[in-house]
Amino acid sequence: MAAGGRGVADPLSPAGLPCAFSPLNQAYFALASADGQLRVWETANNRLHQEYVPSAHLSGTCTCLAWAPARLQAKESPQRKKRKSEAIETSNQIDLLAIGTAVGSILLYSTVKGELHSKLISGGHDNKVNCIQWHQDNGCLYSCSDDKYIVEWNTQTCKVKCKWKGDNSSVSSLCISPDGKMLLSAGRTIKLWVLETKEIYRHFTGHATPVSTLIFTTIRPPNEIQPFDGITGLYFLSGAVHDRLLNVWQVRSENKEKNAVMSFTVTDEPVYIDLTLSENKEEPVKLAVVCRDGQVHLFEHILNGYCKKPLTSNCTIQIATPGKGKKSTPKPIPILAAGFCSDKMSLLLVYGNWFQPVIERVALNSKESHMCLVRDISNCWAPKVETAVTKVRTPVVNSEAKVLVPGVPGHHAAIKPAPPQIEEVESKRKLGENEISIEERLGALDIDTKKEKDDLPQTNSFPVLLTQGLESNDFEMLNKVLQTRNLNLIKRTVLRMPLHAVIPLLQELTKRLQGHPNSAVLMVQWLKCVLTVHASYLSTLPDLVPQLGTLYQLMESRVKTFQKLSHLHGKLILLITQVTASEKTKGMTCPAQKAKLVYEEESSEEESDDEIAEKDSDDNWDEDEEEKESEKDEDVDEENEEEEEDVEEKDEENGEEDRDVASEKELNGDSDLDPENESEEE
């Protein structure tokens with residue numbers, strides 16, 4: 001029982017190529033290449049058995065593979081009458097191979113005939129087929145797609161038997177239970193369906209990314225105290241895209257427990273998984289996981305309940321080339337697939353390139369925790385660049401021959417001057433002439449020297465540029481992306497970037513946060529977006545703490561000084577406000593103003609009466625002085641007599657004036673309230 005990778009069209013699709021071993025003794029290995037061609041190899045002698053190119057292999061590339069089970073092939077009736085010997089021979093051979101495509105169609109290819117058996121199209125999927133599963137008994141085929149539906153096909157009539165909605169988003173993986181009555185489906189969450197009624201039996205939490213693999217690991221439950229109903233107590237395994245944890249789930253009788261009971265940790269995203277089924281509680285499950293980094297991890301564990309810590313591999317297998325010479329270093333050879341042999345003590349490894357893979361049987365040694373196999377694959381046939389790129393040959397033309405160029409008769413095509421040959425360039429170097437310009441060198445290689453304008457990258461290319469810059473460690477490319485100040489653009493870029501680039505991006509942001517403060521302000525925006533958008537993915541990584549330890553220490557050291565800086569900031573603000581207020585008061589000048597009204601309060605009424613009397617008496621004295629000046633020329637004798645008369649007249653006049661003033665006061669209401677004062681004045 002095995003599960004392989006599918007196409008790599010979008011960032012959330014599994015890595016690796018669709019491939020699968022045949023069910024009977026793993027005699028054949030089918031591999032769908034990136035150009036849409038199907039190749040079937042014989043595992044015994046590493047020879048190409050068949051090659052099939054679908055008519056729409058470029059537009060509808062292969063996305064998944066599934067061999068028909070051995071029981072079904074024996075029951076498959078041939079379409080035409082054959083001899084008995086031919087029929088017996090055909091029934092013992094591997095026959096049908098189901099191929100899912102990117103356009104939603106399913107092809108059934110017969111390896112016996114070497115041609116297309118049938119095609120399942122009508123009423124099926126409208127989008128890419130993600131997984132195909134054969135039913136081991138009734139000959140039905142189950143498929144899931146990005147269109148959110150699960151389809152049950154009748155392979156005899158090539159028609160849809162049943163179609164139902166499997167999830168609110170795309171359904172990425174399927175698996176049929178050992179008794180054939182249940183079906184597991186997964187997008188991000190995992191559901192267990194009853195095939196007869198198409199109803200959900202159980203829900204499981206699933207993964208943060210789309211599930212790429214679902215496999216049942218046990219046939220019988222470990223504890224057989226209660227009667228077995230075919231599903232309760234069984235364990236199954238799940239792996240997801242860009243997730244380095246393989247989770248193990250158990251189907252419980254109650255519907256409360258939805259989380260994984262244990263997990264296996266690997267070094268990279270799983271590409272191909274194969275295992276040996278556990279038939280009783282004492283037999284351990286053997287698991288072989290091929291990762292995207294080209295390594296194989298082997299696990300051996302007895303499934304007996306909950307396990308808190310992720311389990312590490314018992315053995316790791318790598319393949320490398322021998323280093324030729326002292327300076328050359330060995331290079332790793334990627335492993336494409338691995339499958340357990342029937343004896344469960346040896347492993348079939350498929351490594352090399354997809355065009356010409358090498359298939360080798362390797363015996364397992366339980367004592368070694370790490371195996372590095374040195375293999376030289378340089379002798380294997382590989383196409384040269386010239387033959388692979390073009391088959392056009394330039395004819396040798398005689399100098400006297402006249403070449404007719406298509407165009408208007410009588411007109412000649414513009415003849416370009418022949419560029420200087422490479423031999424001439426080399427001769428110039430030998431003769432010690434001036435150094436040849438770059439333009440001449442490029443002309444010798446016949447390369448166009450037109451320079452493209454270095455425009456700013458478009459917003460839709462930011463995730464691609466960011467991923468390429470992180471992989472190649474290109475400082476300029478990273479600067480173009482990370483120096484943007486548009487928050488919406490930052491969020492869109494983080495949402496669309498592939499998950500395997502999250503950890504390298506966090507490490508790059510950590511480096512830049514330790515640099516100039518101006519760049520640190522921009523890096524904080526990126527860091528905030530990455531931690532909020534990809535929090536669920538980061539929580540699934542087992543070694544997250546050592547990878548982000550530097551970032552955590554950096555943030556903690558800066559947070560410690562934040563409180564002291566805030567206190568200092570508050571004190572500085574108070575000091576600055578006081579200084580500015582004092583400067584304002586010093587600079588202000590009081591403008592000269594004239595009073596519009598002045599009010600003086602009198603002390604008492606008596607003083608007012610005396611003042612009025614004094615004013616009247618002063619006036620009278622002025623009149624007397626005028627009379628005296630007019631009478632100065634008279635005799636001295638007459639003056640003495642008249643002075644006596646004047647004194648009497650003055651006394652009379654003063655008495656009359658006092659009476660007039662008193663009468664005026666009474667009229668104005670200014671008379672004294674005290675009667676004693678009035679009598680004294682009289």
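Is Trp249 counted as buried or exposed? At 1% relative accessibility, Trp249 counts as buried, where buried means under 20% relative accessible area, exposed over 50% and partly exposed in between, with a 1.4 Å probe and protein chains only. The model is predicted, so that local features need pLDDT of at least 70 and side-chain atom pairs count only at pLDDT 80 or more, whereas totals for chains, interfaces and linings use all residues. Residues are numbered from 1 along each chain as its sequence is written, and side-chain values use heavy atoms, with hydrogens and water left out.

The structure holds 10 aromatic pairs; rings of Phe, Tyr and Trp (its six-membered ring) pair if their centres lie within 6.5 Å, and planes under 30 degrees apart count as stacked, over 60 as edge-to-face and the rest as tilted. The ring centres of Phe236 and Trp249 are 6.4 Å apart and the planes stand at 15°, so this pair is stacked. Phe236 belongs to strand 19 (residues 235-240) and Trp249 to strand 20 (residues 245-250), and the pair thus links distant parts of the chain, 13 residues apart. Helices (H or I, at least four residues) and strands (E, at least two) are DSSP runs, numbered from the N terminus. Phe236 counts as buried, at 0% relative accessibility. Together with Phe204 and Phe216, Phe236 and Trp249 form one aromatic cluster.

A search of the whole structure finds 10 salt bridges, a salt bridge being a side-chain nitrogen of Lys or Arg within 4 Å of a carboxyl oxygen of Asp or Glu. In one of these, the closest N and O atoms of Glu152 and Lys198 are 3.4 Å apart. Because Glu152 lies in strand 12 (residues 149-154) and Lys198 in the loop between strand 16 (190-194) and strand 17 (199-204), the pair ties together parts that are 46 residues apart in sequence. Glu152 is buried, with a relative accessible area of 5%.

Lys344 and Glu283 also meet through their side chains in a salt bridge, at 3.1 Å from N to O. Lys344 lies in the loop between strand 27 (335-340) and strand 28 (346-352) and Glu283 in the loop between strand 22 (270-276) and strand 23 (285-291), so the contact ties together parts that are 61 residues apart in sequence. Lys344 counts as partly exposed, at 27% relative accessibility. A further salt bridge joins Asp343 to Arg361, with the closest N and O atoms 3.3 Å apart. Asp343 lies in the loop between strand 27 and strand 28 and Arg361 in strand 29 (residues 357-363), so this pair ties together parts that are 18 residues apart in sequence. Asp343 counts as partly exposed at 40% relative accessibility, while Arg361 counts as exposed at 53%. Asp268, Glu269 and Arg292 are linked in a network of salt bridges.

Helix 9 (residues 502-513) has 12 residues and should span 16 Å at 1.5 Å a residue, which agrees with the 16 Å between its end C-alpha atoms; the expected span is 1.5 Å times one less than the number of residues. Nine of the 12 residues of helix 9 are buried, so the helix is largely enclosed by the rest of the structure. Among the buried residues of helix 9 are Val502, Glu508 and Arg512.
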